[in-house]
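Let's take a walk through this fold together, starting with the whole chain and then stopping at a few residues. Keep the viewer open as you read.

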Amino acid sequence: MIRSMTAFASGERATPWGTLGCELRSVNHRFLELGVRLPDELRALEPALRERVAGRVARGKIDLTLRLRSAEGEGALQLNAARLRELSELAMDLDARFPRLRTELTELLQFPGVLQAQAADPAELQAQALSLLDEVLDEFVRAREREGGKLAAVISERVDGIAALAAQVRAMMPQIRAGQRTKLETRLADLAQPLDNGRLEQELVMWLQKLDVDEELDRLDSHVAEARRVLKLKEAVGRRLDFLLQEFNREANTLGSKSVDARSSAAAVELKVLIDQVREQIQNIE
């Protein structure tokens with residue numbers, strides 16, 4: 001299925017250590033270029049994240065962001081009972097010496113080690129992050145496919161237009177050849193020293209061979225068939241289509257250079273317009 005290189009997807013999930021968020025966004029690029037931004041708790045997971053994305057995406061400049069937002073009002077901070085016990089025993093020892101010593105609750109909570117954030121389980125947090133990435137990747141790929149379907153429809157329409165123009169040129173060529181033959185015969189007849197029939201026929205054949213575009217039209221038909229086949233493949237086809245467009249353009253240029261009739265010249269120009277429109281769309285395809 002045709003996929004666009006432009007897409008965005010995001011997702012979140014709650015964990016015991018806060019809310020884990022994931023974002024994927026991409027734009028066009030010749031190759032796969034992945035930028036990763038991670039919280040400190042997930043730095044060790046970067047190679048696995050890169051592998052997951054590369055396994056689902058072939059091309060594009062992609063930004064992957066993972067965030068871990070600490071929970072608020074959900075017991076994210078815990079009292080360190082052992083540290084409080086130590087401080088209590090120390091306070092009782094000092095009470096006889098400093099009977100007026102008083103400790104405010106806010107001061108006690110600010111003492112190092114009294115309040116602790118709930119420690120994350122690295123293995124479980126990484127498993128949660130990978131699972132969330134898989135969900136976001138699924139939506140990311142679906143978004144690429146939805147946009148790719150639109151691009152494929154536009155490309156198919158232009159390819160059909162190329163096929164129709166090639167058929168028109170093929171249909172008009174007998175009339176164009178007949179007209180050129182008449183013009184050449186008239187010019188040769190006006191020569192001061194007329195050519196014999198054998199030489200005349202030879203000149204006519206050589207001239208008409210220069211105007212022959214049957215091979216170019218046959219190759220265009222072949223390229224059209226290949227483009228239609230490639231558009232149905234279930235793999236990344238952007239580079240393949242880009243190469244095929246070069247072949248399309250080569251045939252269109254040859255048709256234009258061989259044209260001696262306003263109708264075929266106009267058809268060659270229209271072919272180049274359609275080919276250029278296809279090229280614009282292919283730049284967005286994975």
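What percentage of the 286 residues in the chain do buried residues make up? The figure is 34%, where buried means under 20% relative accessible area, exposed means over 50%, and partly exposed is in between (1.4 Å probe, protein chains only). Bear in mind that this is a predicted model, where local features need pLDDT of at least 70, side-chain atom pairs count only at pLDDT 80 or more, and totals for chains, interfaces and linings use all residues. Residues are numbered from 1 along each chain as its sequence is written, and side-chain values use heavy atoms, with hydrogens and water left out.

Now the layout. The chain has 8 helices and 6 strands, which are DSSP runs numbered from the N terminus (helices are H or I, at least four residues; strands are E, at least two). Read from the N terminus, the order is β-β-β-α-β-β-α-α-β-α-α-α-α-α. Take the contacts (heavy atoms within 4.5 Å) with a separation of 6 or more: 81% of them are between residues 24 or more positions apart. As for the surface, the chain exposes about 17,200 Å², and 51% of that comes from carbon and sulfur atoms; these areas come from the Shrake-Rupley method with a 1.4 Å probe, and for residues only the protein chains shown count as cover.

Next, go inside. In soluble globular proteins, nonpolar side chains tend to be buried together. Here a nonpolar core is a set of buried Ala, Val, Leu, Ile, Met, Phe, Trp, Tyr and Cys residues joined through side-chain atoms within 4.5 Å. The largest one has 35 residues, and Ile 162 and Phe 248 touch the most other members. Helices α4 (122-189), α6, α7 (238-258) and α8 each supply at least two residues of this core, with α4 giving the most, 11 residues. Apart from it lies another core, of 27 residues, including Val 36, Leu 66, Leu 130 and Leu 137.

Zoom in on Phe 248. Leaving out residues up to four places away in sequence, Phe 248 touches Ile 162, Leu 220, His 223, Val 224, Ala 227 and Ile 275. Several of those names come back in α6, whose buried residues are Glu 216, Leu 217, Leu 220, His 223, Val 224, Ala 227 and Val 230.

Two serines are worth a stop. Ser 264 lies in helix α8 (residues 262-282) and counts as buried because its relative accessibility is 10%. Its side chain makes a polar contact of 2.5 Å with that of Ser 259. (A polar contact is a pair of N or O atoms within 3.5 Å; within protein, one must be able to donate a hydrogen and the other to accept it, and residues adjacent in sequence count only if both atoms are side-chain atoms.) Ser 26, in strand β2 (residues 18-27), is buried too, at 4% relative accessibility. The side chains of Ser 26 and Arg 144 are joined by a polar contact of 3.3 Å.

For a contrast, look at Pro 47 in helix α1 (residues 46-56), which counts as exposed because its relative accessibility is 56%.
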